[in-house]
Amino acid sequence: MPAKNLSSLAFLLLVFVLISLIAYLVPIFANDYRYMLIEGTNLRAQTISDVFLSQYRHYFEWGGRTVNHIIAMLLLLLDKLPRALIQGLAFVSLLVLMSIHATGSFKAKDFLKFTHLFLACALLWLCLRYFGEVIFSTVSSANYLYSTLILLLFLLPWRFYLANESAKKSLVFALLMFFFGIIAGWTNENTGFALNFILGLYFLYLLFIKRTFILWQFTSLVGSSVGFLLLVLSPGNKARMQFMEDNGFDYFAHLGIALEIFCLTLLCFHAIFLCLIFLSYKLKRLDLLDLIDQRCKGAFLFATMGLSSLVIMIFSPNFPARTSTFCCVSLIIVVLALKDLLEEKEVVYLNPKVSFALTLLFTFFFALTYTNTFMAARQAREDQIVRDLEIKTALEQGQKDIVVTPFHVQTFKYLYLADIRSNPNYFSNLILKRFYGIEGSIKRSCDPKTAWFNNDFRYTTKVGEEICNLRSFHG
């Protein structure tokens with residue numbers, strides 16, 4: 001194996017260890033507790049049949065993200081160590097798939113490039129909104145990290161076709177793509193829409209402009225459409241929307257918040273856009289822009305898909321920042337594709353000294369923020385042990401209304417803590433009440449004051465001081 005590939009594998013191993021370590025330390029919260037139970041009961045899910053029974057009920061009672069939540073519940077059946085190792089493997093797989101999509105090649109010498117993998121990892125660490133929630137938290141990662149992996153795997157045949165336009169496959173492959181399409185379309189509402197919208201437009205281009213298409217392209221599009229319909233037509237979605245309307249949901253009031261989240265998301269992609277501007281400028285200076293359509297059209301098609309998945313959220317009743325995950329990944333793939341094009345032409349597009357300085361700067365930033373994240377996750381783990389003891393002691397003493405002490409660390413970009421609050425009717429409180437079978441209520445003794453600064457730009461946190469003595473951050 002070439003030395004370059006060995007260095008890439010060593011880097012991936014290091015990333016795997018670092019991600020797995022934090023995933024092991026991060027406690028479970030909120031929806032993690034919820035999906036440890038069989039839907040509609042207070043019984044713990046203990047078998048695979050419990051998982052499918054729970055998600056069958058969930059589909060009719062609360063939401064249609066069956067694929068994501070099956071993954072979440074299967075992960076929660078595992079002990080902490082294997083679950084953390086799978087989280088690390090999932091993140092490493094994401095880096096590899098991003099590089100494969102960027103190069104349009106399945107050859108190790110092409111996609112196992114250290115600089116590709118390092119840059120992908122660096123941009124995700126800098127720009128992925130709610131990194132800690134998307135990568136480390138079990139249920140959230142199932143909804144966004146694992147669903148993104150599913151989409152990238154499903155789109156591989158399309159990417160290879162766009163690279164050489166000679167991807168003829170068998171009838172069996174066409175059937176497999178149909179069933180895989182159902183799974184891909186059934187993951188998230190925004191990505192399911194974007195997947196079918198962009199692939200649908202491209203298929204119409206093949207049908208009416210090029211006047212040719214391959215069977216697997218048709219079956220995969222039909223499959224993803226079926227999956228998306230299964231998702232959005234879930235009776236549980238109607239029940240959840242009715243709940244929002246009963247609580248006075250006002251779309252026009254929500255629109256301003258959605259636009260704010262959208263603009264903030266684009267701001268969070270700062271490093272990605274800087275890379276895109278710089279690489280595009282270099283390509284123009286070298287008169288290589290005409291090669292983009294030939295070499296990078298697959299990456300650009302999926303970036304359009306990613307941007308569509310973000311834009312459609314403006315019109316959604318709810319716009320969680322973590323829904324930008326697929327958009328972030330797809331834009332980074334474009335960065336890698338442009339970089340790969342320049343390297344293929346053996347162009348020195350960045351001064352070696354500047355490259356070394358930037359690498360050193362990010363390494364220092366990563367070491368600082370990762371160390372802080374490790375300390376914060378360890379503190380949260382210790383706090384949760386104390387919290388569990390408080391709850392069990394209170395239950396043994398027959399207390400109905402339980403008050404627990406706050407944690408000594410708070411949420412920031414790289415650590416998501418969906419803790420209970422002083423309001424006993426907050427969603428995390430109600431989930432924990434159900435999980436522990438508490439007759440009355442549960443709440444923490446106090447909440448921190450809210451500040452204006454957004455969590456996306458809060459790269460470190462204070463560890464060891466009770467959060468009520470601190471000022472929390474808007475997120």
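1. Ground rules. In this predicted model, local features need pLDDT of at least 70 and side-chain atom pairs count only at pLDDT 80 or more, while totals for chains, interfaces and linings use all residues. Residues are numbered from 1 along each chain as its sequence is written, and side-chain values use heavy atoms, with hydrogens and water left out.

2. Aromatic pairs. The structure holds 36 aromatic pairs (rings of Phe, Tyr and Trp, the last by its six-membered ring, with centres within 6.5 Å; planes under 30 degrees apart are stacked, over 60 edge-to-face, the rest tilted). One of them joins W125 and F131 edge-to-face, at 4.8 Å centre to centre with 70° between the planes. W125 counts as buried because its relative accessibility is 3% (buried is under 20% relative accessible area, exposed over 50%, partly exposed in between, with a 1.4 Å probe and protein chains only). F131 is buried too, at 0%.

3. A charge over a ring. K80 lies over the face of Y24, 5.8 Å from the ring centre (NZ of Lys or CZ of Arg within 6 Å of the centre and within 35 degrees of the ring normal).

4. You will find S220 in helix α13, residues 215–232 (a DSSP run of H or I, at least four residues, numbered from the N terminus). With a relative accessible area of 0%, S220 is buried. Beyond its neighbours within four places in sequence, S220 is in contact (heavy atoms within 4.5 Å) with F154, W158, M177, F178 and G181.

Note on methods. Helices (H or I, at least four residues) and strands (E, at least two) are DSSP runs, numbered from the N terminus.
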